[in-house]
Amino acid sequence: MALSRDEIREGLSDILEEVAGVNPDDVADDKSFTDDLDVDSLAMVEVVVAAEEKFGVKIPDDEVANLKNVGDAVSYIEKG
Amino acid sequence: MTEVVVTGLGATTPLGGDVASTWEALVAGRSGVGPLEQEWAQELPVRIAAQLVVEPSEVLPRVRLRRLDRSEQIALIASQQAWEDAGLSDDLDTERLGVVFGSGIGGALTLLEQDDILEEKGARRVSPFTVPMLMPNGPAAVVGLEFGARAGVHAPTSACATSAEAISWATDMIRAGRSDVAIAGGAEAVIGGLPMAGFASMKAMSTRNDEPERASRPWDTDRDGFVMGEGAGALVLERREHAEARGATIYAVIAGSGMTSDGFDIVQPDPECHGGGRAMRAAIRQAGVDKRDVGHVNAHATSTPVGDMAEVKGVKREIGDHVVLTGTKSMTGHLLGGAGAVESIATIMALHDGVIPPTINLENPDPELDLDVAANEARKVDLVAAINTGFGFGGHNAAVLFTKP
């Protein structure tokens, strides 16, 4: 069964906390990874790899540049 | 010549998580060496080492730990302590702040761990922090970033002479007018299968696996090699006028230093200690002190058959037979790139407190040992000047001479 957006966001939030120390309370669809959550480009690499493993999706490198905020990432993972 | 003083000390070692606890254990003559209980160690010829008392995870936040090699973690911890001890504030002109911080081997544990990930899970799973974690200038860079140092961040790499050299280079940096303050030191954390096996294959390490606390025994007839240790030491060095202007407490003066090379062998020490002796002579000459005033040498003394006695010849020839020697590696094990910094801190504390920490396990002195060693018990001595030496694979020699403020 496909995961809901809320479930994906929650999973993503766990990853962000684990690899980048982001407070789960700060994670929302409109939050920018770089500007709001302080996830730099190296940390983003870790987030992407962890998300691929957790959600069983492929996120190609040229797609990562389009994932500006949490909502973008949730939508991409939702599409599978 | 510009006078350089020491205003801050920091350390995390196999004897304690800071300078106070490390110094207390050194004076008490406690060994930091123990058995390696980890599974990876059980098939190795050497299964003893001197491991940190306080794990970096007890001090640094989790996400910070993930992105730093263990050597970088302890470099940061020791430097934070030294910075706080020096009472430096955030309004320091960081364009006048330098860092000289080394490591003998660098992030070898990160290299091995990430290589396992590469083999087992593929290239995409290799951490994007791998390179900044394993590069040998990593500890220096991490310390430099922590305090925003902008005068220059340098990373000498000269094996076991690394952090004695770092203190010398940092002193030169201030003397040359390139900075007012410099954080100097070294860190090493390579207690792992491959580094241990490599040193063991060289027959450089003690195999006294059944008596870890008695394994490191400089100048004893039954010494059979060094004991690997992990740890870091950091010193805040400062131009005297700069320190005095801000009312800083001064531990000691770095009156002189010397660095030479053997041109002899990649790993064997020169049995006559010519190069090491020249480093001591250079430090004494630069300091302008009478060599009879150098009352104490914290020797490199790693507990190896050749090196320990070679250094005795060098000390006797260049300084004289009035010196009281000690070998604190008998307690800390050999911290490789961290050794010179931690032992310089011990030398400074000896000068400051008038107490020379003991060389433990010196039960049957080598028959050729004809210098006075603070054997097995701390020695109260009022000191004017003291030297720390550090020698490394590759034939690197460093000597740093400290005097009272």
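Me: Why is B:Thr2 called partly exposed?

Reply: In this predicted model, where local features need pLDDT of at least 70, side-chain atom pairs count only at pLDDT 80 or more, and totals for chains, interfaces and linings use all residues, B:Thr2 has a relative accessible area of 28%. Buried means under 20% relative accessible area, exposed over 50%, and partly exposed in between, with a 1.4 Å probe and protein chains only, so B:Thr2, at 28%, is partly exposed. Residues are numbered from 1 along each chain as its sequence is written, chains are lettered from A and ligands numbered from 1 in the order in which they are written, and side-chain values use heavy atoms, with hydrogens and water left out.

Me: Which residues does B:Thr2 contact, leaving aside its neighbours within four places in sequence?

Reply: With contact taken as heavy atoms within 4.5 Å, B:Thr2 touches B:Ile174, B:Arg175 and B:Arg239. B:Ile174 and B:Arg175 are buried residues of α7(B), while B:Thr2 itself sits in the segment before β1 (4–12) of chain B. The C-alpha atoms of B:Thr2 and B:Ala176 are 8.4 Å apart in space, although the two residues are 174 apart in sequence.

Me: What makes α7(B) a mostly covered helix?

Reply: Of the 14 residues in α7(B), 12 are buried, among them B:Ala164, B:Ile167 and B:Met173. The helix, residues 162–175 of chain B, reaches 20 Å from its first C-alpha to its last, close to the 20 Å expected at 1.5 Å a residue, where the expected span is 1.5 Å times one less than the number of residues.

Me: Why is B:Glu343 called buried?

Reply: B:Glu343, which lies in helix α13 (residues 339–353) of chain B, has a relative accessible area of 3%, and because that value falls under the cut-off for buried, the word applies. Its contacts beyond four places in sequence include B:Asn298, B:Lys329 and B:Asn388.

Me: How do you know that A:Asp61 forms a salt bridge with B:Arg124?

Reply: A salt bridge is a side-chain nitrogen of Lys or Arg within 4 Å of a carboxyl oxygen of Asp or Glu, and the closest N and O atoms of A:Asp61 and B:Arg124 are 3.2 Å apart, so the pair meets the rule. Across the interface of chain B and chain A the rule finds 6 salt bridges.

Me: How many residues of each chain are in contact at this interface?

Reply: At the interface, 9 residues of chain B are in contact with 16 residues of chain A.

Conventions. Helices (H or I, at least four residues) and strands (E, at least two) are DSSP runs, numbered from the N terminus.
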